[in-house]
Amino acid sequence: ISEIKGGESEGLDRLGQTLTVRGWVRTLRVQSSVTFIEVNDGSCLSNMQCVIDSAAEGYDQVESGLITTGASVCVEGVVVPSQGKKQKIELKVNKLVTVGKSDPSFPIQKKKVTREFLRSKAHLRPRTNTFGAVARVRNALAYATHKFFQENGFVWISSPIITASDCEGAGEQFCVTTLIPSSKEVIDSPADAIPRTENGLIDWSQDFFEKPAFLTVSGQLNAETYATALTDVYTFGPTFRAENSNTSRHLAEFWMIEPELAFADLNDDMACATAYLQYVVKHVLENCKEDMDFFNNWIEKGIIDRLSDVVEKSFVRMTYTDAVELLLKSKKKFEFPVKWGCDLQSEHERYITEEAFNGCPVIITDYPKDIKAFYMRLNDDGKTVAAMDMLVPRVGELIGGSQREERLDYLENRLDEQKLNKESFWWYLDLRRYGTAIEYQKEMLQVIHAEKILADSVLSQYNINSIILVLIVLFYLVPHAGFGLGFERLVQFATGMDNIRDTIPFPRAPGSAEF
Ligand code: 4AD
Ligand code: MG
């Protein structure tokens, strides 16, 4: 249908052609002399209006009540101008074939149904306008994601789904190892299948992986190993969090895009995140016009203008310390009081981007080390880390990233501070042993600024030795940085959908793992 009705002429260039359309019946309107069947094949939002009268082959299927909402049909007809206001063309049916009839109990009839109701019908909701449009925009965002990174020389890395390490150190992992044999008895009674020692503890030596293993919360650590070999890489895959948060922004299973850039600092990281977001939003505005008009009219008024601004305007950048000050000065009453050192809550994030900066994305940097993960690079103040979170309206945190701690001793200290098991990170620490950085901490700062030094053409201020040193150090040290973007939050941002559970085909959240 998109092939027929897409394009400038909306199908008028096909007048007189005989075409076949296959799809699912959305509605049926029976009038005295003709019947209108609206058929949708999911290729676009528009239905094909098929007009059938008693002269058409297969008309008896309309008369006998075989054609109902949900049935699949194959319709052959001639393209004619439409009298209706909604479309330029329609199909005058020559032949109608019911491919699969639909039981009258089909639950999604024309009457308005709530999103909540549709969540309980996740297997049928893609047949609605809203969920068809979300699926197409989600697909376009995925395509644009690969396009952006591929065009910029990044290599896509498949990070593992089963892992022994907890990247975020927050203990929010789903354990996967306890069930070994896949026999029916195990499925019926999983607790009995867990191998136990004499004193009742889990006997990991008998387990499939011979030690505890989990579903990954992030592919970052694995991506870092490839970035320190291939320079710029990205992952794009499912991640899992056993967070018991029943909010409109959290899922237990979500997709994450995690670029990792070698020879890059926090500024490079922010520049990459900004360019990436602008690229994918622009792609959707240009390539999903019909769906975006739908979201603009029915889901969030003004979303197209809001997204166009994101593409054109530069994003605000501020430090965490300044953000806290801004929140303290605001007259708004927050549920969670703010003070330096606290994690920003969704209400704070949304206030900053929606109210303080009028809908502009805001990148907050340099968070207190105690509220961030162990791998983030410690700043010179010893209190904050080179972290960045990108906040966007309606969603709050869309991206979390940082420059990585490349100094082995610092990294080990941070693991100790956060009471994480250093041994299990042996391979990650190896990256700092083999070609990342250990002893050159002072010169490191010069490396970070090397680009600026050269760009500012102030070479004369530096003696030639220091420039050579900078270049040598560049060779030995690999400052690297990266970020993670929650793909469903991006879909939320780009479509205006209120609840993250409506941005992924089959949402996983506390108490819901059906379908
Ligand atoms: O801020 P987070 O936890 O960062 C990381 O996982 C890093 N390892 C990323 C990196 O630097 N490579 O998660 C990154 C993003 C968040 O900003 C958010 O958009 C999304 O992942 N996210 C979730 N999305 C849906 N449901 C959840 N439960 C999410 N938790 C995080
Ligand atoms: Mg985060």
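This is a predicted model: local features need pLDDT of at least 70, side-chain atom pairs count only at pLDDT 80 or more; totals for chains, interfaces and linings use all residues.

Residues are numbered from 1 along each chain as its sequence is written, and chains are lettered from A and ligands numbered from 1 in the order in which they are written.

Helices (H or I, at least four residues) and strands (E, at least two) are DSSP runs, numbered from the N terminus. A residue is buried if 20 or more other C-beta atoms lie within 10 Å of its own, exposed if 12 or fewer, and partly exposed in between, with C-beta atoms placed from the backbone. Two residues are in contact if their C-beta atoms, placed from the backbone in this case too, lie within 7 Å.

Back to H14, which spans residues 426–433: its buried residues are Tyr-428, Leu-431 and Arg-432. Viewed down the axis of H14, these buried residues fall within an arc of 100°, so they line one face of the helix; the arc is that of the directions from the helix axis to the C-beta atoms. Trp-426, Trp-427 and Arg-433 are exposed, on the face of H14 turned away from its buried side. Just after H14 comes Gly-435, with a positive phi of about 90°.

Which residues of H9 are buried? They are Asp-291, Met-292 and Phe-295. Down the axis of H9, the buried residues fall within an arc of 100°, so they line one face of the helix. Lys-289, Asn-297 and Trp-298 are exposed on the other side of H9. The partners of the buried residues of H9 are helix H4 (129–151), helix H8 (266–287), helix H10 (303–312) and H17.

That brings us to H17 itself. How many of the residues of H17 are buried? The helix is mostly covered, with 9 of its 9 residues buried. Among them are Phe-487, Arg-489, Leu-490 and Phe-493. After H17 comes Gly-496, which has a positive phi near 85°.

The segment after H17 also holds Pro-507. Pro-507 counts as buried because it has 21 C-beta neighbours inside 10 Å. Setting aside neighbours within four places in sequence, Pro-507 is in contact with Leu-251, Arg-501 and Ser-512. Pro-507 and His-250 are 257 residues apart in sequence, yet their C-alpha atoms are 10.0 Å apart in space.

H17 also leads us to the ligand. Around ligand 1 there are 23 residues, the closest being Ser-218, Gln-220, Gly-400, Gly-484 and Gly-486; a residue is near a molecule if its C-beta atom, placed from the backbone, lies within 6 Å of it. Two or more residues of this shell come from each of strand E10 (253–262), strand E14 (396–403), strand E15 (480–486) and helix H17 (487–495). By class, the shell has 8 nonpolar, 8 polar and 7 charged residues. Here Ala, Val, Leu, Ile, Met, Phe, Trp, Tyr, Cys and Pro count as nonpolar, Asp, Glu, Lys and Arg as charged, and the others, Gly among them, as polar.

Next, look at a pair of helices. Helix H11 (residues 320–329) and helix H12 (residues 346–356) pack at an angle of about 80°, with their axes 11 Å apart. H11 and H12 are therefore roughly perpendicular to each other, a term for angles of 65 to 115 degrees. Ala-323, Leu-326 and Leu-327 of H11 meet His-348, Tyr-351, Ile-352 and Ala-356 of H12. The residues of this contact divide into 6 nonpolar, 1 polar and no charged.

Two backbone details deserve a look. Phe-263, in the loop between E10 and H8, has a positive phi near 55° in a residue other than glycine. Asp-366 lies in strand E12 (residues 362–368), and it too has a positive phi of about 55° although it is not a glycine. Is Asp-366 buried or exposed? Asp-366 is buried, with 22 other C-beta atoms within 10 Å.

Of its 515 residues, 36% count as buried.

Notes. Axes are lines fitted to C-alpha atoms, for helices over the stretch in contact, and angles run from 0 to 180 degrees between N-to-C directions. Angles under 35 degrees count as roughly parallel, over 145 as roughly antiparallel, 65 to 115 as roughly perpendicular and the rest as oblique.
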